[in-house]
Protein chains: 2
Amino acid sequence: MTIEHPYLMFLGDAADQLAAKTAAGVAHWRPEWCLGQFRLPDCHADLGLPDMTLEEAQQAGVKTLILGVANRGGVISESWIAVLDEALDRGFDIASGLHNKVADIPAIADKAAGLGRQIFDVRHPNRSFDVASGKKRSGKRLLTVGTDCSVGKMYASLALEKEMRARGMPADFRATGQTGIFIAGDGISVDAVVADFISGSVEWLAPENEPEHWDLIEGQGSLFHASFAGVTMGLIHGSQPDALVMCHEPTRPHMRGLPDYKLPDLELCISRNVEAARLTNPNATCIGVAINTAAMGEEEALAYLKETERALGLPTQDPVRQGVDRLVDNLPA
Amino acid sequence: MTIEHPYLMFLGDAADQLAAKTAAGVAHWRPEWCLGQFRLPDCHADLGLPDMTLEEAQQAGVKTLILGVANRGGVISESWIAVLDEALDRGFDIASGLHNKVADIPAIADKAAGLGRQIFDVRHPNRSFDVASGKKRSGKRLLTVGTDCSVGKMYASLALEKEMRARGMPADFRATGQTGIFIAGDGISVDAVVADFISGSVEWLAPENEPEHWDLIEGQGSLFHASFAGVTMGLIHGSQPDALVMCHEPTRPHMRGLPDYKLPDLELCISRNVEAARLTNPNATCIGVAINTAAMGEEEALAYLKETERALGLPTQDPVRQGVDRLVDNLPA
């Protein structure tokens, strides 16, 4: 697919900053792609980008309007549709992370088709995939895995891409969720793929490549999450990872969305992820641990990181506080 | 949904007996539901049921025409559509296991709607599911799991249902694949569910029940299958099984569809399935092993079963040769 940049970030009438979390992630990781933001009068989010009208965005060279915001009540309102309509007139494609598909709005879909504009509903795969073949592919792959959902797998993957590119290594982030797809310009919402094709979709996402090239595949869920482990398992097998990075948030009282479920033991979690990965890549190893210590004070965080590194015998870093240089140092040759 | 019986089995122009494998499974397990078969002139399959015209089937009281056959080239031909059309006129619902949806044939869909008939495309879930809650449900559940695909999980599940019902135990087979759905009259093709909802769909399939009631859930795939393990993992977690039965076919040279992948060690496979099951049901145990020895001679088969039982310390039976009485004896109280 490939979403063309630069982007104009549409924040609509976002109730608060959290409602624009996806847009904020894109602005953080691809500031050079995000020329401005477009906000409706009742918007309570701010990315710190220049506010632009659609006309100004057109003059600035924007190619795509990004809907990286949660819409109230899940309904695409009339005021939003008027914006989408004008965006098409001004030559923009539209890329949306909403649950409801923009392509299901007849007036917008028809107009886009007539004008030759593209609509990317990134939560909804727009192609079919083959069943995974399990065949070894050339090139190297790293997959971020986690003890739970939302522990920083996307952030760690992007930090690895940044660090590796800074070292001149050929490396590409491969997105498996909506925010990641806006950041990469393409990808697959793997949790929206039909169950039989989870692994196959990842084989498609991270295809054969140069022997020295690294795909940095964004992980999803957790093998120990009672709702989503199937997605994670399929993602591990399809990735055929040479390297895993385990992501963890140490202050979480229970698994996300599951009050009765405790987080798994970190060492067991690593062991089972490596074992699953070795089914399709016998050389898979865990090369390090990425800890999200946002909820800890500096001293507590550093002590936790040091103790975890000692206990596991693996490079352990908080990508936000410390970067990921020691994880990259530990990649297999 | 619930597909009404009795059935007329439509075999179309099946190229050979294997093309009617699904229909044969239904006729084997629900002979009392299958009043007859309807074959086109070029049909090379035979279920041993009375051949009936649609008119005769109507007089016999048939409620549903079952398309349990592979169609040549994946296209629903004109000759088939004429049969479907007449079936609707005669008051039958239509239930299809084809990849192509019968409901996508406008003439048939419109006619069915006009006449108030139902079309069941059992490979395609026709409802949405919630994300799994992981909450403990009352009632007991058994899930069949396997070292590979197509090793006899459905057969074992149905054999268990038969044995348990014969003993007066409250037990219901819960179908997760097309053949099973025709046999149960309802169910979910779990491999066709969107990845995020695999476990949730199984929570829906095997809901709360009386404390002594057993759901016998048909397993799919294998935790060690590089293409489909995600489906299996989600199915295990959603089932919250009290009991697992491990199914295995000992003569298979490699994983189904994956020439480079060997079958897993049986003991490791049991261990990992039990561990996964304990995430959502800490009491889960493997209560026995079901071996498909169809490719072995009687003496070899019996020796293999005995040796496997000794090595694993678990009741081990071939459901076809021996039934499953000793597996049922080993169910937890």
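**Close-up 1. Strand β9 of chain A is largely enclosed by the rest of the structure, because six of its six residues (243-248) are buried.** Buried means that 20 or more other C-beta atoms, placed from the backbone, lie within 10 Å of the residue's own. Strands are DSSP runs (E, at least two residues) and helices are runs of H or I (at least four), numbered from the N terminus. A243(A), V245(A) and C247(A) point one way from β9(A). L244(A), M246(A) and H248(A) point the other way. In a regular strand, side chains alternate between the two faces of the sheet.

This is a predicted model: local features need pLDDT of at least 70, side-chain atom pairs count only at pLDDT 80 or more, and totals for chains, interfaces and linings use all residues. Residues are numbered from 1 along each chain as its sequence is written, and chains are lettered from A and ligands numbered from 1 in the order in which they are written.

Close-up 2. Pairing requires at least two DSSP bridges between two strands. M246(A) is the bridge partner of V145(A). L244(A) stands opposite C286(A) in β10(A). From β9(A), the chain crosses through helix α9 (266-280) of chain A to β10(A), a right-handed β-α-β crossover. Right-handed means that, with the strands pointing away from the viewer, the path from the first strand over the helix to the second runs clockwise.

**Close-up 3. In chain B, six strands form an open, parallel sheet in the order β7-β8-β6-β9-β10-β11.** The edge strands β7 (171-174) and β11 (316-317) of chain B each pair on one side only.

Key:
Buried ≥ 20, exposed ≤ 12 C-beta atoms within 10 Å, placed from the backbone.
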